[in-house]
Amino acid sequence: PTFGLLTTSLALHAPSQIASAFKHHAESVGYQVAISMLKTGQLNVLQSALNEFRAQKINSVVMSLPLEKADAETLARDNPDIRQLFLDVPPAAEVCHLGFLHSDGTASSVNLLLELGHRKFGLLAGPESSISARLRLACWRDTLYQAGIAETDTEYGDWSANSGWVKTVELFSRHPDITAMLVASDQMALGVISALRQLNKRIPQDVSVIGYDDTPDSQYFHPALTTVRQDFDLIGKRAVTHLLNMENQPQEAFNDLLPTTLVIRQSTG
Ligand code: IPT
């Protein structure tokens with residue numbers, strides 16, 4: 001038997017970790033994984049990808065890409081013969097949803113920086129088209145606002161290290177006094193660290209940096225990255241469990257949210 005995996009670009013570290021974990025755990029229960037990688041999340045493109053899976057008799061699919069509530073619900077409704085498990089949709093979407101709880105990790109990262117005495121923050125969010133990027137940004141802003149910090153500048157990257165580099169240079173050209181950067185992915189944080197070095201800023205003496213994901217390479221960044229851990233092996237394993245359950249009995253919509261935790265390393269001080 002074969003599961004389908006519809007995924008956003010596997011050049012991105014987090015989705016590739018998820019794909020790898022999902023394949024590993026699927027194989028351990030005797031399933032193959034067929035991967036379809038999509039450039040855009042447009043509904044007609046997603047529908048064609050599901051049609052391809054249907055033609056291959058694949059009827060259990062993990063949707064590892066950002067989808068708005070209405071789009072996810074449309075795909076689930078229009079393809080009742082294909083069980084779909086969504087990994088990146090708003091919690092309000094009435095579909096089968098396995099994801100991460102952003103609020104824990106984002107709040108503890110902001111609180112660490114506040115405890116260290118930081119007051120000038122730069123926010124580097126992910127793309128506005130990404131559900132998780134918007135949730136992380138909203139949580140950062142909420143926590144900062146509750147601490148009485150209403151003024152922060154925000155840039156939006158595209159998850160790549162390159163965008164981390166470019167947007168950091170832009171942020172610091174407007175606000176050279178920023179002392180703490182909250183970054184929505186480790187991959188972007190890699191570019192942030194490189195840009196800060198070019199700007200002659202020491203990490204963490206001049207600027208603290210916190211990433212998001214804790215992909216396995218992040219502890220080898222220089223300095224080792226403080227970040228919010230999402231357990232990609234666990235989400236891959238849990239996805240297999242959910243798909244098997246869904247094959248046995250059709251599921252009502254659910255939200256299964258895995259915890260996120262702050263991992264403190266050397267990029268904060
Ligand atoms: C999310 C990652 O945190 C982010 O770094 C980026 O790679 C993004 O995926 C790509 O869509 S993780 C996802 C389960 C929300």
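Predicted model: local features only at pLDDT ≥ 70, side-chain atom pairs only at ≥ 80, totals over all residues.
Close-up 1. Residues are numbered from 1 along each chain as its sequence is written, and side-chain values use heavy atoms, with hydrogens and water left out. A polar atom of the S130 side chain lies 3.1 Å from the backbone nitrogen of A133. When residues up to four places away in sequence are not counted, S130 touches P66, D88 and W159, contact meaning heavy atoms within 4.5 Å. Helices (H or I, at least four residues) and strands (E, at least two) are DSSP runs, numbered from the N terminus.

**Close-up 2. L12 in the loop between β1 (2-7) and α1.** L12 has a relative accessibility of 15% and therefore counts as buried. Residues up to four places away in sequence being left out, L12 touches W159 and Q187. D231 is 219 residues from L12 along the chain, and the C-alpha atoms of the two are separated by 16 Å.

**Close-up 3. E155 in strand β7 (residues 153-156).** E155 is buried, its relative accessible area being 9%. The side chain of E155 makes a polar contact with the side chain of R174 at 2.8 Å; such a contact is a pair of N or O atoms within 3.5 Å, where within protein one must be able to donate a hydrogen and the other to accept it, and residues adjacent in sequence count only if both atoms are side-chain atoms. Neighbours within four places in sequence aside, E155 is in contact with L123, L124, A125, K167, E170, L171 and R174.

**Close-up 4. Helix α1 (residues 13-28) against helix α8 (residues 232-248).** The axes of α1 and α8, which are lines fitted to C-alpha atoms over the stretch in contact, with angles from 0 to 180 degrees between N-to-C directions, come within 8 Å and cross at roughly 50 degrees. That makes α1 oblique to α8, the class left over when angles under 35 degrees count as roughly parallel, over 145 as roughly antiparallel and 65 to 115 as roughly perpendicular. On the α1 side the contact is made by A14, Q17, I18, A21, F22, H25 and A26, and on the α8 side by F232, D233, I235, G236, K237, A239, V240 and L243.

Definitions and conventions
Buried < 20%, exposed > 50% of the residue type's maximum accessible area, 1.4 Å probe, protein only.
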